[in-house]
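Subject: Structure handover

Hello,

Please find below the structure I said I would pass on. My notes on what turned up in it follow.

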Amino acid sequence: MVLFCYDFDDSGPTGRLSDGAKPYLSNYLANCENPNLAANTEHTDARESVILTVTYAERWGVVTGASSGIGTEFARQLAGRGMHLVLTARREDELKQLAEELYTAHGTKTEVITADLTNPTEPQRIYDEIKQRGIEVELLVNNAGIGFAGAIEQTDVSRMMEMIQVNITALTELTYLVLPEMLSRKAGGVINVASVAAFQPVAYNGVYSASKAYVLHFSESLWAETHQRGVIVMALCPGTTATNFFNASGVPHWLEKHPSQTPEAVVRAGLTGLDKRRQYYVSGRKNYILSLLVRLATRATVVKGSIKYFKPKKQK
């Protein structure tokens, strides 16, 4: 994602830290042997229990946006831990194929609920169907999301409203629907998939980056309320990930120009963070360090540094 601390060439950040950023990074690393561990435990209360919040085997999880990318990988890794799953997305055929794959590989149960979260009535319908099927949710993975990058003049306002509905409203509603029962059992977890874009504003990507900032702050706030009651709400913040997301967001050649993580690595990081009861977790050490470095510059510097990333090329 866009960061002021990198040198730039014509294609964007070069991957080399700028001279001004190096002293800050050296000082930080000198005082923190494990940055990802240190920052994610900065709010840990020494009195809290170290119980395992989520039990996977023979329990039920819900994964939204499960038909591709990170959502599909969450389903695979959770089933690998013995968890039964409710899979939801718009594409029923892909969900059914995934359900068959999981049963063949792991023998786990799978329920499929086809849903389009751009429809405001869908979160409640999903929850009601889960209850009707007698399923007790141990883990909710709010993975479904929409992206867009482009100039103001190219922006479809209705699409931005759909992004807010999926990335913010549906995520919020599903989270509040499942949390009371988890709290009553004193067990359970919610993983809300955010992004490293949550840590800074991003030009030409304003609604998306703002929506992910909401997910991060929302999740951390709920973590503070729930983590001493046996329930963890965590924001997972991936960097660039090798999925179809950028093509769908109008940036078709992004993965060709930037290093990326695999969905497998992102999901492993997310489950590690949940098991460690973190309020947020950035996948990848480099992504984590970069998420910290934006705090060292003025907000104007950070957002101006983001312009090169998604600014549309001039038409010849």
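Predicted model: local features only at pLDDT ≥ 70, side-chain atom pairs only at ≥ 80, totals over all residues.

Over residues 1–18 the pLDDT stays under 50, and the model has 52 contacts beyond four places in sequence for them. A further stretch, residues 28–50, also has a pLDDT below 50, with 33 contacts in the model beyond near neighbours in sequence. For the protein chain as a whole, the average pLDDT is 83, and 77% of the residues score at least 70.

Next, a pair of helices. Helix α6 covers residues 157–185 and helix α7 covers residues 206–226; they pack at an angle of about 10 degrees, and their axes are 10 Å apart. An angle under 35 degrees counts as roughly parallel, so α6 and α7 are roughly parallel to each other. On the α6 side the contact includes Met 160, Ile 164, Leu 171, Tyr 176 and Leu 183. On the α7 side, Val 207, Tyr 214, Phe 218, Leu 222 and Thr 226 are among the residues involved. Sorted by class, the contact has 14 nonpolar, five polar and one charged residues.

Apart from neighbours within four places in sequence, Thr 226 is in contact with Leu 183, Val 231, Ile 232 and Val 233.

Another buried residue is Glu 138, with a relative accessible area of 2%. Glu 138 lies in strand β6, residues 137–142. A polar atom of the Glu 138 side chain lies 3.1 Å from the backbone nitrogen of Thr 55. Glu 138 and Met 182 are 44 residues apart in sequence, yet their C-alpha atoms are 7.1 Å apart in space.

Last, two backbone angles. Most residues other than glycine have a negative phi. Lys 186 has a positive value, near 60 degrees, and Arg 277 has a positive value too, near 65 degrees. Lys 186 is placed in the loop between α6 and β7, while Arg 277 is in the loop between α10 and β9. Is each of them buried or exposed? Lys 186 counts as exposed, at 60% relative accessibility, whereas Arg 277 is buried, with a relative accessible area of 9%.

Regards

Terms used: Residues numbered from 1 in each chain as written. Heavy atoms only, no water. Axes fitted to C-alpha atoms, helices over the stretch in contact; angles between N-to-C directions. Helix = DSSP H or I, 4+ residues; strand = E, 2+ residues; numbered from the N terminus. Parallel < 35°, antiparallel > 145°, perpendicular 65-115°, else oblique. Contact = heavy atoms within 4.5 Å. Nonpolar A, V, L, I, M, F, W, Y, C, P; charged D, E, K, R; others polar. pLDDT = per-residue confidence, 0-100. Buried < 20%, exposed > 50% of the residue type's maximum accessible area, 1.4 Å probe, protein only. Polar contact = N/O pair within 3.5 Å; in protein donor to acceptor, adjacent residues only side chain to side chain.
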